[in-house]
Structure formats: C-alpha cells, structure tokens
Amino acid sequence: MPRSDEAQAFFNAVYRAVQEIPRGKVTTYGHIAKLVGTPQRARQVGICLKQLGSSQDNARYNSENVPWQRVISAKGVISPRSEPSGAANQAVALGHDGVTVTIGPLGERMVDFAEYGWFPRILPSEEAQGLVPSDEEDEGDDGEGA
DNA sequence: ACCATGACTGGGG
DNA sequence: ACCCCAGCCATGG
C-alpha cells in the first residue's frame, strides 16, 4: 500500500474514476490521470491498478469491484507487463465485457478507440452531483467518425 | 538512504 | 511512421 495519505487519496480517486468506465468501453491511463486532476501521472495510474488485490483481501477496492481491464495505453494497445499472462487475462476480461480485441502484426492486443473509447471531460458522478463548477463552454471538440 | 524498475505519455529526432 | 527520452513516483533490493 502507499506510504502517505496523499498517495492513498490519489489511489482511491483513481479507483473511483475507473469504476465509472461503462461496461463495453475502454479509456487510457492518461485520461484517468486527467480525470483525477493529475494529468502527468499516467504511470502512477498503472501502478494503482497493479496494486489491486482480490476481494478476499478485504480491501475496499479490489480486482472484483474495479474494472481494471477497461484501462489501456494511449496507443490503443493492452499494455504488456512482466507477467505475459496479464495482458492475455485483460484481453479475456474485455471480451467478457463485449469488447473486441484484435491482434496486431507484432502480437499486440489492440482495441479500437473509435468504437470503444470513453473520454469524458469530467466524471459522470460529479456531474450528477452538481459538483462541476459551471462550465458551459462549447467548441468543436470531437468530430471524428471512424 | 540510494538506485533501478515499471499496467504511461507527449514531443523530438 | 517508428524510436528514443525526459518527467513521473510507488516499490523493492
């Protein structure tokens, strides 16, 4: 577990944000970092998910109630890790979510953001609670289409 | 206490 | 378009 209370707060914020990713959708480590207010700490988001244990550990946040599989790299690829089966497990879990994972030329497991990407500016829960400062500004944000 | 190692990323070469 | 690199900072030796 993290050393400081500050770090603990960051971990919890990340877990809560990840819990808001809808089933059948994915987002990036970097986007979660932005959602919790620390855009430079995408790497630490990865550390948070790595720390998730099973529900048997009596931890408030665990691999059962936090959909860790819905977070992938900004390249649209399931991040490889020391344990190769880890990425494979994530692909299986995503498949269970109804997300199609394709295999790239180098064996990378990739997900199409155009179809499965979830990138809100703020957390839906905050919006529902009216915690969002007033922000009625519009600009041509996205406009892609496959 | 110091150093190396990552579930990362955007920018430069 | 691909590779490299400086920030990032929790963990483990």
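In chain A, 57% of the contacts between residues at least 6 apart in sequence join residues at least 24 apart, a contact meaning heavy atoms within 4.5 Å. The model is predicted, and local features need pLDDT of at least 70, side-chain atom pairs count only at pLDDT 80 or more, and totals for chains, interfaces and linings use all residues. Residues are numbered from 1 along each chain as its sequence is written, chains are lettered from A and ligands numbered from 1 in the order in which they are written, and side-chain values use heavy atoms, with hydrogens and water left out.

Chain A contains six helices and four strands, where helices (H or I, at least four residues) and strands (E, at least two) are DSSP runs numbered from the N terminus. The order of these elements from the N terminus on is α-β-α-α-β-α-β-β-α-α. Chain A has 146 residues, of which 35% count as buried; buried means under 20% relative accessible area, exposed over 50%, and partly exposed in between, with a 1.4 Å probe and protein chains only.

Two salt bridges are found in a search of the whole structure, a salt bridge being a side-chain nitrogen of Lys or Arg within 4 Å of a carboxyl oxygen of Asp or Glu. One of them joins the side chains of Asp97 and Arg23, with an N to O distance of 4.0 Å. Asp97 lies in helix α4 (residues 84-97) and Arg23 in the loop between α1 (5-19) and β1 (27-28), so this pair ties together parts that are 74 residues apart in sequence. Asp97 counts as buried, at 8% relative accessibility, whereas Arg23 is exposed, with a relative accessible area of 55%.

Asp97 also forms a salt bridge with Arg70, in which the closest N and O atoms are 2.8 Å apart. Because Asp97 lies in helix α4 and Arg70 in the loop between α3 (42-51) and β2 (71-72), the pair ties together parts that are 27 residues apart in sequence. Arg70 is buried, its relative accessible area being 10%. Arg23, Arg70 and Asp97 are joined into one network by salt bridges that share partners.

Ala93 is likewise placed in helix α4 and is buried, with a relative accessible area of 18%. The C-alpha atoms of Ala93 and Arg70 are 8.7 Å apart in space, and the two residues are 23 apart in sequence. When residues up to four places away in sequence are not counted, Ala93 touches Trp68 and Gln69. Asn12 is located in helix α1 and counts as buried at 15% relative accessibility. With residues up to four places away in sequence again not counted, Asn12 touches Arg60 and Tyr61.

Arg121 is found in the loop between α5 (113-116) and α6 (124-128) and is exposed, with a relative accessible area of 63%. Arg121 and Leu35 are 86 residues apart along the chain, and their C-alpha atoms are separated by 7.1 Å.

DNA strand B is surrounded by 17 residues, the closest being Tyr29, Arg43, Lys50, Ala74 and Arg81; a residue is near a molecule or strand if one of its heavy atoms lies within 4 Å of it. Sugar or phosphate accounts for 49% of the atoms of DNA strand B within 4 Å of the protein, and the rest belong to bases. By class, the surface near DNA strand B comprises seven nonpolar, seven polar and three charged residues. In this classification Ala, Val, Leu, Ile, Met, Phe, Trp, Tyr, Cys and Pro count as nonpolar, Asp, Glu, Lys and Arg as charged, and the others, Gly among them, as polar.

Backbone atoms of the protein also approach DNA strand B. For Pro80, a backbone N or O atom lies 3.4 Å from a sugar or linking oxygen of DNA strand B. The elements that give two or more residues to the surface near DNA strand B are α2 (29-35) and α3. Helix α3 gives the most, with six residues.

Conventions. Polar contact = N/O pair within 3.5 Å; in protein donor to acceptor, adjacent residues only side chain to side chain.
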